[in-house]
Amino acid sequence: MTERKVKIESKVGLHARPAALFVQTAAKAPMDVTVARRGGAPVNAKSILAVLGLDARHGEEVVISADGEGADELLDSLEGLLNKPEPEGA
């Protein structure tokens, strides 16, 4: 199991467009992928309802995990989505 702690930089947190892109990226992976708020229970990162239910906000830290070949590359992609602040007017 590969795990990474990531601070959410998006001003809308893990909601709206960032959540949709996060779930779309995770859903393409042929492995189990989870996300959890710090100290919370992990949820399926391939489920938009589960990800939105985390209510993770700007500045909070989440833990993303994946198990399988290519997990590091997948976590790099997911981390990149969360590390990017929204462009002005988005």
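**Figure 1. Arg 4 and Asp 72 form a salt bridge.** In this predicted model, local features need pLDDT of at least 70 and side-chain atom pairs count only at pLDDT 80 or more, while totals for chains, interfaces and linings use all residues. Residues are numbered from 1 along each chain as its sequence is written, and side-chain values use heavy atoms, with hydrogens and water left out. The N to O distance between Arg 4 and Asp 72 is 3.8 Å. A salt bridge here is a side-chain nitrogen of Lys or Arg within 4 Å of a carboxyl oxygen of Asp or Glu. The pair joins distant parts of the chain: Arg 4 sits in strand β1 (residues 2–7), Asp 72 in helix α3 (residues 71–83), and 68 residues separate them. Helices (H or I, at least four residues) and strands (E, at least two) are DSSP runs, numbered from the N terminus. Arg 4 counts as buried because its relative accessible area is 17%. Asp 72, at 43%, is partly exposed. The classes are buried (under 20% relative accessible area), exposed (over 50%) and partly exposed (in between), with a 1.4 Å probe and protein chains only.

**Figure 2. Arg 4 also meets Asp 76 in a salt bridge.** The N to O distance for this pair is 2.6 Å. Again the link runs from strand β1 to helix α3, with Arg 4 and Asp 76 lying 72 residues apart. Asp 76 is partly exposed, with a relative accessible area of 46%. Arg 4, Asp 72, Asp 76 and Glu 79 are connected in a network of salt bridges. The structure holds six salt bridges.

**Figure 3. Glu 60 pairs with Arg 37.** Their side chains form a salt bridge at 2.5 Å, N to O. This pair, too, links distant parts of the chain: Glu 60 is in the loop between α2 and β4 (61–67), Arg 37 is in strand β2 (residues 32–37), and they are 23 residues apart. Glu 60 is partly exposed, at 23% relative accessible area. Arg 37 is partly exposed as well, at 31% relative accessibility.

**Figure 4. Ile 48, Leu 49 and Leu 52 make a nonpolar surface patch.** Together the three residues have about 270 Å² of accessible area. Areas come from the Shrake-Rupley method with a 1.4 Å probe; for residues, only the protein chains shown count as cover. Patches are made of residues with over 30% relative accessible area and no salt bridge; like charges are joined within 9 Å, nonpolar side chains (Val, Leu, Ile, Met, Phe, Trp, Tyr) within 5 Å. Leu 52 belongs to helix α2 (residues 48–53). Its relative accessibility is 34%, so Leu 52 counts as partly exposed.

**Figure 5. Ala 16 and Asp 55 have positive phi values.** Ala 16 is not a glycine, yet its phi is about 50°. This residue is found in helix α1 (residues 16–27). Ala 16 is exposed because its relative accessibility is 54%. Asp 55, also a residue other than glycine, has phi near 55°. Asp 55 lies in the loop between α2 and β4. At 27% relative accessibility, Asp 55 is partly exposed.

**Figure 6. Ser 65 is a buried residue of strand β4.** Its relative accessible area is 6%. Contact means heavy atoms within 4.5 Å. Neighbours within four places in sequence are left aside. Ser 65 then contacts Met 1, Thr 2, Glu 3, Asp 32, Val 33, Thr 34 and Leu 75.
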